[in-house]
Amino acid sequence: MAKRIDVSGLTAYYGSHKAIEDISMTVEPRSVTAFIGPSGCGKSTFLRTLNRMHEVTPGGRVEGKVMLDDENLYGSGVDPVTVRRTVGMVFQRPNPFPTMSIFDNVAAGLRLNGSYKKSELADVVERSLKGANLWNEVKDRLNKPGSGLSGGQQQRLCIARAIAVEPDVLLMDEPCSALDPISTLAIEDLIGELKERFTIVIVTHNMQQAARVSDRTAFFNLAAVGQPGRLIEIDDTERIFANPSVQATEDYISGRFG
Amino acid sequence: MASTTPTDLTPPPTGPALDGGKSTGRLGDKIFIGLSRGSGILVLLIMASIAAFLTYRAVLGISKDEGNFLTTFDWNPAGDPPVFGIAVLLFGTVVSSIIAMVIAVPIAVGIALFISHYAPRRLAAPLAYVVDLLAAVPSIIYGIWGALFLVPYLEGLNLWLDQFFAWTYVFEKTEVGVARSLFTVGILLAIMILPIVTSVSREVFLQVPRMNEEAALALGATRWEVIRMSVLPFGRSGVISASMLGLGRALGETMAVATVLSPSFLISLHLLNPGGGTFAQNIAAKFDEADQLGRDALIASGLVLFILTLLVNGAARLIIARRKEYSGANA
């Protein structure tokens, strides 16, 4: 179930390039934390360090500590595969498995984790699709390919796939940036419902979205192009948008740069 | 429930490619249209004339055949009466190609996966190059290598197979003799089609979109599970195409087979026994000394090979088309 994330002194590299430097923050369970900041500030990179997806990029490596409750995700002997089974992820562009049916897409994670009875699987698929507010739209065509759905539906399918395995944390990397406003609204509603069960971290370019969906907001920035991104501040979303404690945050939010 | 809207229910557009509209008749356009249309028609003309030539000569040949062209186990167009049939050749061609596919395709997919997903970059590039080099070896060299190296060295394997797998019937060796058998030919063909199947599969595997693989990774898939969930399904139709290219080569391979096989006009499912024949090998072996009827007869057998290849390709396209809805192409 939902767990607390506690990051300390995290630095990530692409080869010799330092992408983010010395980031520390705490993410509370059953809350939505939004990452905002200009392009290239490392917010997506940071997100990907939270489920050890950063290191699948050639040259990607990480220093520092990410505690999930009392387990260090980067501790020696921790299998990244196991980490990813407890920290789910939704990507910028909807990426259902194109060769799988809607049902199989949602069941994919469960099948990785072990064998299930058919009825069990069907229950979880139904529950997850309902959880992703997609059930009513697809219940009559569960055996059709997931790639036949609209972009917004595909993204909710990916959310259903991610929550089917009951992760502790759900990471979302600009989940609405490829969607139209109405599909975006559907996802935002969904995030509001999901935060009762999961710890959610969302990267977004859309500041209104951060203001609408999140409880806490973290602002990332970089000193100059080529410099590593840093966490400037993290605070309650209301405070970040009304009265941030750092000038750069206010400049960014009020549209003076970025 | 979240808002469901009409836009949400519309299927994604799957329209045809852009249509630039009617040309306004610029010179460059006209020349280009003429060239491309001409090339297209040229291919059709070449195909049609080959088919017409083969059919014409084949009919001449078959009409003088006193035996049944499809079922006769003999090739004697110079005899009196002339008797010849393709049964042995069809059997030999199909069997040796099947052996080649069974051996080559799994290995090729394995190599392709290793190069595209497992090997460190420093190793992958040279390895890919070496595999491609295999394709550059002329087939007569394969034939000589097969006859001088493979045949003697496979005798041990043949004995072993005969000793432990004779109960499968196909691996029972009932005739004494060196390994100039369909089985040896199959192994040789497997090596020969390995590079084409490998390099096409490799290219397909490299094209798997990053986001498909990350989808599996993020669910906690191991490397093998990523390959099973994302790479293989995406590459499926590509591997089928690659195999068909390889099969096309195996079916038509001439010199290597002619050099290794000791031909005979017998059908035997004891694959280790020497003997048998294939279309291409038979044509190569007999064309020079054949008279007019003999050549027509060989051309008739060539026509059957042509049709066989067409059927195989058609079947492959059917398999690919049937899975189109689920292929990676419409992701």
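Helices α3(A) and α4(A) are roughly perpendicular to each other, a class that takes in angles of 65 to 115 degrees, in what is a predicted model. The axes of α3 (residues 102–113) and α4 (residues 118–131) of chain A come within 9 Å and cross at roughly 110 degrees, the axes being lines fitted to C-alpha atoms over the stretch in contact, with angles running from 0 to 180 degrees between N-to-C directions. On the α3(A) side the contact is made by Phe103(A), Val106(A), Ala107(A) and Leu110(A), which meet Leu121(A), Val124(A), Val125(A), Ser128(A) and Leu129(A) of α4(A); contact here requires C-beta atoms, placed from the backbone, to lie within 7 Å. These residues divide into eight nonpolar, one polar and no charged, where Ala, Val, Leu, Ile, Met, Phe, Trp, Tyr, Cys and Pro count as nonpolar, Asp, Glu, Lys and Arg as charged, and the others, Gly among them, as polar.

Residues are numbered from 1 along each chain as its sequence is written, while chains are lettered from A in the order in which they are written. Local features need pLDDT of at least 70, and side-chain atom pairs count only at pLDDT 80 or more, whereas totals for chains, interfaces and linings use all residues.

Chain B has 11 helices and two strands, helices (H or I, at least four residues) and strands (E, at least two) being DSSP runs numbered from the N terminus. Its C-alpha trace spans about 80 × 60 × 40 Å along the principal axes. Helix α3(B) bends by about 25 degrees at Ala104(B), with Pro106(B) following within four residues; the bend is the angle between axes fitted to the seven residues ending there and the seven starting there.

| Feature | Value | Place |

Most residues other than glycine have a negative phi, and most peptide bonds are trans.

How values were computed
Angles under 35 degrees count as roughly parallel, over 145 as roughly antiparallel, 65 to 115 as roughly perpendicular and the rest as oblique. Two residues are in contact if their C-beta atoms, placed from the backbone, lie within 7 Å.
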